[in-house]
Amino acid sequence: MRELAFVNAIREAIQQEMRRDEKVFVVGQDVRGGVYPHTLNLVDEFGPERIVDTPISESAMHGTAFGSALLGYRPIVDFMFASTAMTVFTETAVMTGQQYFLHGSKRPAPLVMTGAWGIGKRTANDHAMPIHGYYSRAPGLRVVIPSTPYDAKGIFTAAIRDDSPVMIPWCTGVMMLKGPVPEESYELPLDKASIKREGSDVTVLANSEQLQFALKVADKLSGEISMEVIDPISFSPIDMETILNSLEKTNRLVIVDEDWEMGGFAATVAARVVDEAFDLLDAPVKRVCFPNMPIPGGFMEDYLRPNPEKIERAVRDVCA
Amino acid sequence: MDLDISDTRRLFTNLIRADKFGKMMYSRMMQGKLIGFYHPAEGAIAPGVAAGSFLTDDDILFPHHRGHGITHMLSKGIDVKPYIAEHAGKSTGCCAGRAAWHYAFPEHNVFGTTAYIGHNFVPCTGFGWAAKRNGRGQVVMNCFGDGAMGTGRSHEGLLLSSNWQLPIIHFCENNGLSIFAEVEEMHPTEHLSTVAQGLNIPHVIVEDGQDVFAIAEAVIPAIERARSGGGPTFIEAKCLRFKEHDIGNRDLRGWTPREESEYAAMLERDPVKVATKRVLDESLLSQSEIDQIHEQAEREVDEAVRFADESPVESPLEAELLADVYPPKKTGVV
């Protein structure tokens, strides 16, 4: 099958959906010029009326998407860097997430919010920080992170078609990762985890660049420890069914996430596993996350963030 | 007055209706029959009546929060019974009893409300964007108070509406007070519309925002301009707030109580009194017509109260409510 880079898989999803449905449009800052390649040259095909640049006005930029979504459009609002969305957290998380339910579950706001994050690129906190932990606590939003080119296209396509507001923070660590991507349109479920490698000794949850690290560790340890590697994909809601089914087999769990250790996905899954499946566990649940400190911009992030060595250590700990 | 007789009658009728609904809500709050807060509109209903009375059902309205928008909505032609029920937490409410006072009426193009001041500028930007592209001549009536002009959201919303020439009427109900804070202290210019002027948005200042007819004379051309592709207008109506910010709160200027003399002077500028004097002085309506309008409005209010009181409070199961958090998956997408 033809191979595409992750970021170009996103681009193809947006392009095909914009061709399919004239209500789909992109709004952001310098999306016409394509600061990130997923909107590069789309303005040539769709024009500035559908690839819409705004001033640096995140509130009104998001409002363009939110308000028009309430009137039946299907916008993609691109925050460039994921943490920029947090300059308008009230708008993106609270207003957007809650309005459907609070207003009687009558009028959906079908918009996609997206932006890039990723630790390890020497970009420092503001350009690097993961936001899925913050947004997954906002009721009414779907928070989804694809980690392979194939998933990126299917997830973006499904998110654009879904009536929920969907937040997709994608990781720069996999931006140029290449992989097979079908040319035709397809959807992947927004609320299902994906088993990336089957195994029997330990379940490892990992997303984005950490998924690549986990798969490398699984290769390295094969013959010694059999790792089942699962990409959670959906951070809100969390697909506990896939995780618990895997634990039935492995009885051991390591959760890898570049997000801070405190109160995020890893903490929630650990708590739920203890609550719902304590008897399945043969070892403590291990979390491999970023320590609770600002993300430094220099070389220190290399040993602060999760990496293959830390993943291997955690896997060996729970299998000891 | 350039308004024709049907405009005059409509404005006067909506003003009386708004006044009676507002007073009913105030008394129901005092009786403990409303849930949440209530921010009375008393004294400041003329702007909302003028803002709403010339909108079609297809136009998009973002009401001012004072009086929780009843004034604006009933003037737009919306049956507000489900809102009165909503404010009592009833299942017949416009949001199934889930919103209380940050409500929506999606069926009548009222939606996106939250409690954050200045938040109106957020969805209104998108409403304007969509309205311009829909090509149906829709306009967006974006209502807010002087307090909202302190937010960055207001600057951003005004900026984009000007850049893109969106069909939005930015309608500032400047009552001079945000909770206790005086606009003279919180804002450096005499008029808030100076901000719009700086962004190249045509603006109109209505010095007497107690006079519903004077405001309507500013609103009608602004709506016509927006509808015909002429872009946004900023209207600033200077009005009065007769009551405290929200029921149960103190009524201060800065940090000291408002003077008794201020209340007495304000009551002379009651919008109902001002409008009644004008229609009688200029023989636009007869006393018996006015009496009829009052009686009919009282019946409407009684009916809404009965509807709210007789509606049940429902307690859906947690699982049923959880199933309503996300919209159902669309089927049949090719």
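Predicted model: local features only at pLDDT ≥ 70, side-chain atom pairs only at ≥ 80, totals over all residues.
I then checked the pairing at S14(A). Strand S13 of chain A, residues 253-260, pairs with S14(A) in the parallel sense, over four bridges. Opposite Val254(A), I found Lys286(A) in S14(A).

I moved to strand S4 of chain A, residues 74-81. Is this strand largely enclosed or largely open? Seven of its eight residues are buried, so the rest of the structure largely encloses S4(A). The cut-off I used for buried is 20 or more other C-beta atoms within 10 Å.

I looked up two pairings of S4(A). Strand S2 of chain A, residues 24-28, runs parallel to S4(A) and is joined to it by five bridges. Val27(A) has Val77(A) as its bridge partner in S4(A). Strand S5 of chain A, residues 112-117, also runs parallel to S4(A), here with four bridges. In S5(A), Val112(A) stands opposite Ile76(A).

With helix H4 of chain A, residues 89-102, the two strands make a right-handed β-α-β unit.

**Gly33 of chain A**

I located Gly33(A) in the loop between S2 and helix H2 (42-46) of chain A. Is Gly33(A) buried or exposed? I found 12 C-beta neighbours inside 10 Å, so Gly33(A) counts as exposed. The limit for exposed is 12 or fewer. I also took the C-alpha separation from Gly33(A) to Val43(A), which lies ten residues away along the chain, and got 8.0 Å.

**Chain A against chain B**

I turned to the contacts between the chains. On chain A, 36 residues are in contact with 36 residues of chain B. Which elements of chain A give two or more residues to this side? They are helix H3 (58-70) and H4 of chain A. H3(A) supplies the largest share, eleven residues. By class, I noted 15 nonpolar, 15 polar and six charged residues on the side of chain A that touches chain B.

For the complex, the predictor gives an ipTM of 0.96 and a pTM of 0.96. Chain B has a mean pLDDT of 95, and 98% of its residues reach 70 or more.

**Val313 of chain B**

My last entry is Val313(B), in the loop between helix H12 (287-310) and helix H13 (318-322) of chain B. Val313(B) has 10 C-beta neighbours inside 10 Å, so it counts as exposed. What is Val313(B) in contact with, leaving aside neighbours within four places in sequence? I found Gly89(B), Lys90(B), Ser91(B) and Gly97(B). I also checked His203(B), 110 residues from Val313(B) along the chain. The C-alpha atoms of these two residues are separated by 45 Å.

Terms used. Residues numbered from 1 in each chain as written. Chains lettered and ligands numbered in written order. Pairing = 2+ DSSP bridges. Right-handed = clockwise from strand over helix to strand, strands pointing away. Contact = placed C-beta atoms within 7 Å. Nonpolar A, V, L, I, M, F, W, Y, C, P; charged D, E, K, R; others polar. pLDDT = per-residue confidence, 0-100.
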